[in-house]
Amino acid sequence: QVQFVESGGGLVQAGGSLNLSCAASGFTFSDYIINWYRQSPGKERELVAAITTTGIGTNYAPSVAVRFSVSRDNAKNTAYLQLNNLKPEDTAVYYCNINMWSGLSWNDYWGQGTQVTVSS
């Protein structure tokens, strides 16, 4: 079945950097757009970055566009999210995600998430 394992989160001071990884299995990784979401306590889950199947196309939420960078290695079935110049408001659990057609409906698949905490 579809599985994601996110890693790389942690506690960092404002202005610091982290590199998140998302190791995927159970599907043909190179066929799917990979999305990165985050969720803070009491807030809706928000899309922060997405990367196309080949990695050529990327898209970012305006709040992170100049600070975060998404990439992927299809040979390793792994996606990455580089977080730079982190701010306290970036504190959240970060998840990778795909949207897959089952033949009857679109289904979202999620990893367990990795916690990023930014101290001021």
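Q: What is a disulfide, and how many are there here?
A: A disulfide is a pair of cysteine sulfur atoms within 2.5 Å. In general, this is a covalent bond between the sulfur atoms of two cysteines. This structure is a predicted model: local features need pLDDT of at least 70, side-chain atom pairs count only at pLDDT 80 or more, and totals for chains, interfaces and linings use all residues. Residues are numbered from 1 along each chain as its sequence is written, and side-chain values use heavy atoms, with hydrogens and water left out. The count is 1 disulfide.

Q: Which cysteines form the disulfide?
A: C22 and C96, with sulfur atoms 2.0 Å apart. The link is right-handed, with 80° about the S-S bond. C22 lies in strand β3 (residues 18-25) and C96 in strand β9 (residues 92-101). They are 74 residues apart, so the pair links distant parts of the chain. Strands (E, at least two residues) are DSSP runs, numbered from the N terminus.

Q: Are C22 and C96 buried or exposed?
A: Buried means under 20% relative accessible area, exposed over 50%, partly exposed in between (1.4 Å probe, protein chains only). Both cysteines are buried.

Q: Why is strand β4 largely enclosed?
A: In β4 (residues 34-39), 5 of the 6 residues are buried, so the rest of the structure largely encloses this strand.

Q: Which strands pair with β4?
A: Two strands pair if DSSP finds at least two bridges between them. β4 runs antiparallel to β5 (residues 46-51), with 5 bridges. There, Y37 has L47 as its bridge partner. β4 also runs antiparallel to β9, with 5 bridges. N35 stands opposite N97 in β9.

Technical notes: Helices (H or I, at least four residues) and strands (E, at least two) are DSSP runs, numbered from the N terminus.
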